[in-house]
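Good morning, and thank you for coming. I would ask you to look at the sequence and the structure as they are shown, and then to follow me through them step by step.

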Amino acid sequence: MAMLLDIIIDGLIKGSVYALLAIGFSLVLGVARIINIAHTALFMTAAYLIYIGSKLMGLPLLLAMTAAVVLTVLLGLVVYRLFIQPIQEHEAAVLIATIAVAMMLQEVFLMSFGGHYLGVPPLVEGFLHILGVKVTMQHLLALGLSLVMLFGVRQFLMKTRLGLALRSTAQDREVANLMGMDVNRVALLTVAISVGLAAMTGAIVVPLITVEPTMWMHPLIMMLAIVVLGGLGSIEGSFVGAYILGFAESLVVFMLPMGSFLKDSVALSVMILVLLIRPEGLFGVSFEEER
Amino acid sequence: MKRLALVGTIVLGLLCFVGQPALAAPPIKIGVLGPMAFTQGEGHWNGATLAAEEINTAGGIQVGGEKRAIELVKVDTNEFLSIPDATNATEMAISRHKVDFMVGGFRTEAVQVMQDIAMDAKKIFIGCGAAHPELCTRVTKDYNRYKYWFRLTPINSTYLGKVDFLLLAMVAAEMKKALGLEKLKVAIVAEKAAWADPIVKAAEETLPAKMGMEVVGTWRPSPVAKDCTAELTAIQRTGAHIIFTTFSSSVGLTFAKQWGELKVPAANVGINVESQKSGFWSATGGKAEYTVTVNTLARVKITDKTIPFYDKYLERFKEAPNYTAGTYDALFLIKEAVEKAGSTNSDKVVTELEKIDSLDTAGRVVFDKSHDITWGPKHITSIGTQWQDGKMLCVWPNGWEGVTFEGTVPHKLPPWVIEHYKK
């Protein structure tokens, strides 16, 4: 029973953070058909900017976080206009271009800060006992903020005209265009929201993790696994997929301590298994149908 | 005018001859191999830089009848991110930069390949980073091929394990005494890497059989795990009194930080390379105070050379030297061996290195038959350090086998651990 509680609480926290990343990625994939491999590199950018703002420039942490989110969104838009928009119709080229952007960002941070492991203080100190499980206040804050943001994104998509535009573009870009929607503007807006989500995720989790130039790789793998598991471009799928993999990771650590390094592999195996049984993912349309 | 030109030419010619001191001889090229964008590589490079400057300022290395300066070649192996990069960098150091000697290396998995390349080229390679015993076992198995390899730092993972157990015993004795605990429960946490495997195996056997402790479980997180809360939660459920760690990568920082944040009621002792760095305190926001690790250097008088080197390094590079800065000693060893051999010929220098008995910054250096650094109370002991109030202080050896280095302080148990068990 105790172990079950541990797994539920730990999985819930992990899943929420993954969900934030995966939903931003899914949004831009669904709406603009952009496979943005640089998504987690932008998450890393936000983390570094928070470090620069709070530790090097001495700004209050909240101010540093806000500035980092704004600057990262601006950088994301510049990347979109310079590297993605000109080749947007060629999905493979976009994929390669965003890999290059991610590597570029990694090298920039590696050259600027070296491979040093850096840290940012938490917004809230201390921990709480929840049903006998110790959880840090920062983890709880991350969980709460993640859920608030996920709810906000859902409300935005379901209850606003802009959200409707985004969803309709995601369903059929050509038809949305024929209906008079400026799909390019919608795509630009989607990129801004998506990068904003990545940056906010960075802001939420940066006190929990180590800031270093390769910190974008592990979340990228997990995020790709989640969107494939949930169904490419499906926001609901990403949400569910994130929690499945979050719980899978926790299960491995608690059930198989000697194999806790395998948590990523197990998560990826879950993805492969789902793909074998249901190639379109949990919530996606089948590839044949899409073609 | 013609006379003036003639005199000028003669003077210039004379200057060329007279001014042809020993240092005009070709320099001795030493390749410093390491992941240069990372702290470990910086340690390699900084240590070697200090040594090269000191040696060159003193006139260089006496090789036969001539003095030769040291020229360092920075070889970025990038071994954290790519082992093929390490292979290419080593090849390039030998074939393109034509280095005479090599020092450095960090990750065992990469150093094994680098070692093979160096051995094929008959280049002396003094390891200053990788701990796996296999690197030196190769020397005994195939002496003619691997005799050019020597490991200076750290002590190999078997010895590291021994120091590890001695630190564990120190903490255990204190817990028993201060908290009145009878049989101690220990959680083993080691990153999943080749060098850590022998330590885990030894711990699982030794702790119950020889140290009377109960092993409540073994956790093997990834070396680059970004979150260890699940492991820490599981450990707390087991009621472990001590967490016995083996980390060389970033997971050590994550683990120690989250251990402190959650105030896990178990002492944290073992090997944690991240906690050997000056930046550890700031990176963890001071949360990992009381973390104990096996270490090589601290500001204690291990030998007469230790504190001057430590202070000079700190002043110059604004951070404390970690064990990869042992390249400092490596260069002085090369100097001593080359001068005694009177040549840079690898075979002759190997013979001299095998005879080395020298007091250096980390202790007394003597290589054993497998060209590994000798460990023990009369040789290099290694030290145990603990973070206390923002300072990395030496807490071990504190009387072990009669050894106590000047500047050593008593070990402290984390206050929340004391509070938990005194309730």
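Predicted model: local features only at pLDDT ≥ 70, side-chain atom pairs only at ≥ 80, totals over all residues.

Residues are numbered from 1 along each chain as its sequence is written, and chains are lettered from A and ligands numbered from 1 in the order in which they are written.

Let us begin with the domains. Chain B is assigned a domain 1, covering 21-154 + 302-365, and a domain 2, covering 158-295 + 382-422; such bounds come from an automatic or database domain assignment. Taken over C-alpha atoms, the centres of domain 1 of chain B and domain 2 of chain B are separated by 31 Å. How many residues of each domain are in contact with the other? Domain 1 of chain B contributes 12 residues and domain 2 of chain B contributes 11 residues, where contact requires C-beta atoms, placed from the backbone, to lie within 7 Å. The side of domain 1 of chain B that touches domain 2 of chain B has six nonpolar, four polar and two charged residues. In these classes, Ala, Val, Leu, Ile, Met, Phe, Trp, Tyr, Cys and Pro are nonpolar, Asp, Glu, Lys and Arg are charged, and the others, Gly among them, are polar.

I turn to the sheets. Helices (H or I, at least four residues) and strands (E, at least two) are DSSP runs, numbered from the N terminus, and two strands pair if DSSP finds at least two bridges between them. One open sheet of chain B has five strands in the order β4-β1-β5-β6-β7, with parallel pairing. Its edge strands are β4 (70-76) and β7 (149-153) of chain B, each of which pairs on one side only. From one strand to the next, the twist averages 20 degrees. Within this sheet, β1(B), residues 28-34, is joined to β4(B) by seven bridges, and B:G31 stands opposite B:V73 in β4(B). Helix α4 of chain B, residues 108-120, lies across β1, β5, β6 and β7 of chain B and runs at about 160 degrees to β6(B). For such angles, axes are lines fitted to C-alpha atoms, for helices over the stretch in contact, and the values run from 0 to 180 degrees between N-to-C directions.

The other open sheet of chain B has seven strands, in the order β9-β8-β10-β11-β12-β15-β16, and its pairing is mixed. Strands β9 and β16 of chain B stand at the edges with a single partner strand each, so one side of each has no neighbour in the sheet. Direction ignored, neighbouring strands of this sheet are turned by 25 degrees against each other on average. Helix α9(B) packs on the sheet, touching β8, β9 and β10 of chain B. Strands β8(B) and β9(B) run parallel and are joined by five bridges; here B:V186 stands opposite B:V215 in β9(B).

Some loop residues deserve a remark. The peptide bond from B:T153 to B:P154 is cis, with omega near -5 degrees, and B:P154 is found in the loop between β7 and α7 of chain B. Another cis peptide bond joins B:W396 and B:P397, with omega about 0 degrees. B:H371, a residue other than glycine, has a positive phi near 65 degrees.

Next comes the contact between the chains. It takes 33 residues from chain B and 29 residues from chain A. On the side of chain B that touches chain A, the elements that give two or more residues are β9, α9, α10 and α11 of chain B. Which of them gives the largest share? That is α9(B), with seven residues.

Finally, consider chain A. Helices α6(A), residues 161-171, and α8(A), residues 183-205, pack at an angle of about 105 degrees, with their axes 10 Å apart. They are therefore roughly perpendicular to each other, a term for angles of 65 to 115 degrees. In this pair, A:A165, A:L166 and A:T169 in α6(A) meet A:V183, A:V186 and A:T190 in α8(A). By class, that contact has four nonpolar, two polar and no charged residues.

Notes
Contact = placed C-beta atoms within 7 Å. Parallel < 35°, antiparallel > 145°, perpendicular 65-115°, else oblique.
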